[in-house]
Amino acid sequence: MEKDLRNIALPMVALRGLCVFPGMILHFDVARDQSIEAVRTAMDSGRDLFLASQKDPSIDNPTYKDIYRTGVVASVLQIITVPNSKNLRVIVEGKSRATFSKGYNGAKFLCVDINRKPERGFAKKDEIYAEALLRKARDIFEEYSQFTPKISPDIVLRLSDDEAPGAVADYISSVIHLPFDKKQQVLQEMHPLRRLEKVCELLTSEIEYMKLETEITEKVEQAVDDNQREYYLREQLRVLSAELDGEDSVSEIADYKKKIADIKCISDKSREKLTKECDRLQKMGSSSSSEAAVIRNYLDTVLALPFDSETKDNLDLSKARRVLDADHYGLSDVKDRIVELLAVRSLNENVNGQIICLAGPPGVGKTSIARALADAMGRKYARVSLGGVRDESEIRGHRKTYIGSMPGRVINALSEAGTKNPLILFDEIDKMSSDMRGDPASAMLEVLDAEQNKSFVDHYVEIPFDLSKVLFVTTANDKNNIPAPLLDRMEVIDLYSYTAEEKFQIAKKHLVSKAIEKNGLTKNQIKITDAAIKEMISSYTREAGVRNLERKINEICRKTALRVVNEKADENTLVMKVTPKELPKLLGTPKYKEKNELKNEVGVTNGLAWTSVGGEMLKVEVAVMEGKGNVELTGSLGDVMKESAKAAVSFIRSNSTDLGIAEPFYKEKDIHIHVPEGAVPKDGPSAGVTMATSLVSALTKRPVNGKVAMTGEISLTGKVMPIGGLREKSMAAYKAGVKKVLIPHGNLADLDDVDKVVKSNVEFVPVSTLKEVFDNALC
């Protein structure tokens, strides 16, 4: 249908508020889909376009009855695509008048049959009248141009050269400002003389309107002049009043200049810049303009910065240790590093640029240890949260010329602290990201570099500020997400997951008393036994830190508070004693009750896995069936874990004779390797030895020792290679009741980090080859 229409008809564009004449070059924007399709069709097929005006410009989707029948056949000279829009900018040239007789439906655009209307002539007897009409039209247009100074002299020159009445009428109509319906009347007139008569009539009417507008404009201007004179006199009165009552403005400028002069630790160039800003404000007087407000805000912000204010460090090492121990249990590495920092500062006060990054899972005390460090040193403390920051201006600030501009977070933190040597904590530094507005991590490179931050320049402040005396501490959950150049500027201290014993001590010494006080109770009203705390740790929480444990203790305290209120008990009456038997009533059914069956089984091996909330026991199961040699892997395994399974199968195939396995097993047996808890994604190479042991057990029917657990990556030659997270994995083995753990020989040095309680209850056996693993694990 669409192809046939293009052959017999012209595409049509309905114009809104526009009228095109023959010989006229016009550009306009096309936004409607059917109009865009019509223009593209005309351009692609090399055909003309029929342009006609809508009767009502407000109609968005006109039909043929909504469009004037008379229009212009035009050629498309150029199509320009409007950036960031589907719209087109079209340049066309009118060729001849035409009317459409029939419109077609069903196409993506308006399409019509047209009847071209060539320019008509006139009788010889009318030539003298035509000449007189042309002269009159030129005179009227010249008078019209006097009221419209924007008309180019070239237009008048062209009218004097053109002798065709119809063409003159069309040209005048195309260049003067008339409502499009008036222009449509001219377009619909086919006789050239009557058309020019119509134009003369419209021009004369338009001139009368313009004369009236000129008179009205002159009257308005006279009234405005009178108003301007009155305004000028009133302004003089206002200025005189300001001179008499302007002491506040003068004292404000003097106050600013005094504050600038009193600052000691800034350069002469910075002092000069601030003084110039004061001079600019003084020239504006007591003006309430937006520019004066910008300068005031700038001076207030800069002069509030602690250029000279500094606190003296408390370098008493024993007091610092007491403060740290009072608020935090464990974390010996962090505490030792902080005490070392204070010891160095006591010997050399000029040591700067020490930046500490505390990296570890959520809830292990990274943020609170930074606050404790500030208290121990006697420094002011300010925290800057970097989670989700994507704009460089958040660090460096905005230019003060922008509306609503402000300093960056570093300068704001200094203003909040009130000293130039506070402890500033950059929390969640690994959560920063970048977009089109810049990379905040790159801006942090200057902040955390002692060689550069001596003259840190915020975009808003515009003068250098010395950050070298600031002690920066950062926190991160995953240091691998920190850009390498930024990580290189920091000394990383790893904080590991709390062991069950550490959680117990933290809860007993800190969390219970804190929750009792928070919920308005006394220690006499509630007693939580040690066994209840241990039960909450093992059966109601599973985390690296203690946040959920604290929530559970608070939940118990809230229920106790409710009972205290209902029973109207006094502060010395024991209302609740919490034992393990009471926990299901208070906290519900245990969510993490572990039931590890440590019995000898064929094809089932105890593996050890690392998670963000600590270690976990992970069983690997293998089933061998009659089949065609297929290997099936299930349990939501990642690519690395699948590759470990394939490596284990390949090793067993290549060493089947030594292992006592019938050689054609890979042709006659199907092997299914499964890791339980299939909804939880698992990945990593450390389950290689576990998979290999389960495979050998299933193929040889030899059971695996249920009290043995293992971890390690394997190679195709049967070597056992080092892994990570041994501290957390060993704790999981201890909690599960495992008596022996096989570890790679390359991880022997990591045993120093393993908890003493674990090492005293679990035997660690280093292995270098899979043969050693099988000898220790298989019964």
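Student: Is D430 buried or exposed?
Tutor: D430 is buried, at a relative accessible area of 6%. Buried means under 20% relative accessible area, exposed over 50%, and partly exposed in between, using a 1.4 Å probe and protein chains only.

Student: What kind of model is this?
Tutor: The model is predicted: local features need pLDDT of at least 70, side-chain atom pairs count only at pLDDT 80 or more, and totals for chains, interfaces and linings use all residues. Residues are numbered from 1 along each chain as its sequence is written, and side-chain values use heavy atoms, with hydrogens and water left out.

Student: Back to D430. Which residue forms a salt bridge with D430?
Tutor: K431, with the closest N and O atoms 3.2 Å apart. A salt bridge here is a side-chain nitrogen of Lys or Arg within 4 Å of a carboxyl oxygen of Asp or Glu. K431 is partly exposed, at a relative accessible area of 35%.

Student: How many salt bridges does the structure hold?
Tutor: It holds 38 salt bridges.

Student: What about D170, which side chain does it meet in a salt bridge?
Tutor: The side chain of R97, at 2.6 Å from N to O. This pair links distant parts of the chain, D170 being in helix α5 (residues 165-175) and R97 in strand β5 (residues 88-104), 73 residues apart. Helices (H or I, at least four residues) and strands (E, at least two) are DSSP runs, numbered from the N terminus. D170 is buried at 5% relative accessible area, and R97 is buried at 2%.

Student: And D449, where does it sit, and where is R489?
Tutor: The side chains of D449 and R489 meet in a salt bridge, 3.2 Å from N to O. D449 is in the loop between α16 (440-447) and β10 (456-457), R489 is in the loop between α17 (484-488) and β13, and the two are 40 residues apart. D449 counts as buried at 16% relative accessibility, while R489 counts as partly exposed at 25%.

Student: Which residues do salt bridges with shared partners join into one network?
Tutor: K273, E277, R280, K400 and E462.

Student: Changing topic. What order do the five strands of the open sheet take?
Tutor: The order is β8-β9-β12-β7-β13, with parallel pairing. β8 (381-385) and β13 (491-494) are the edge strands, each pairing on one side only. From one strand to the next, the twist averages 20 degrees.

Student: How many bridges do β7 and β13 pair over?
Tutor: Four, between β7 (residues 356-359) and β13, in the parallel sense. Two strands pair if DSSP finds at least two bridges between them. A359 has D494 of β13 as its bridge partner.

Student: Which helix packs on the sheet?
Tutor: Helix α15 (residues 409-417), which touches β8 and β9 (423-427) and makes about 155 degrees with the direction of β8. Contact means heavy atoms within 4.5 Å. Axes are lines fitted to C-alpha atoms, for helices over the stretch in contact, and angles run from 0 to 180 degrees between N-to-C directions.

Student: Last one, α6. Which residues are buried there?
Tutor: In α6 (residues 180-188), F180, K183, Q184, V186 and L187 are buried. They line one face of the helix, because seen down its axis they fall within an arc of 160 degrees. The arc is that of the directions from the helix axis to the C-beta atoms.
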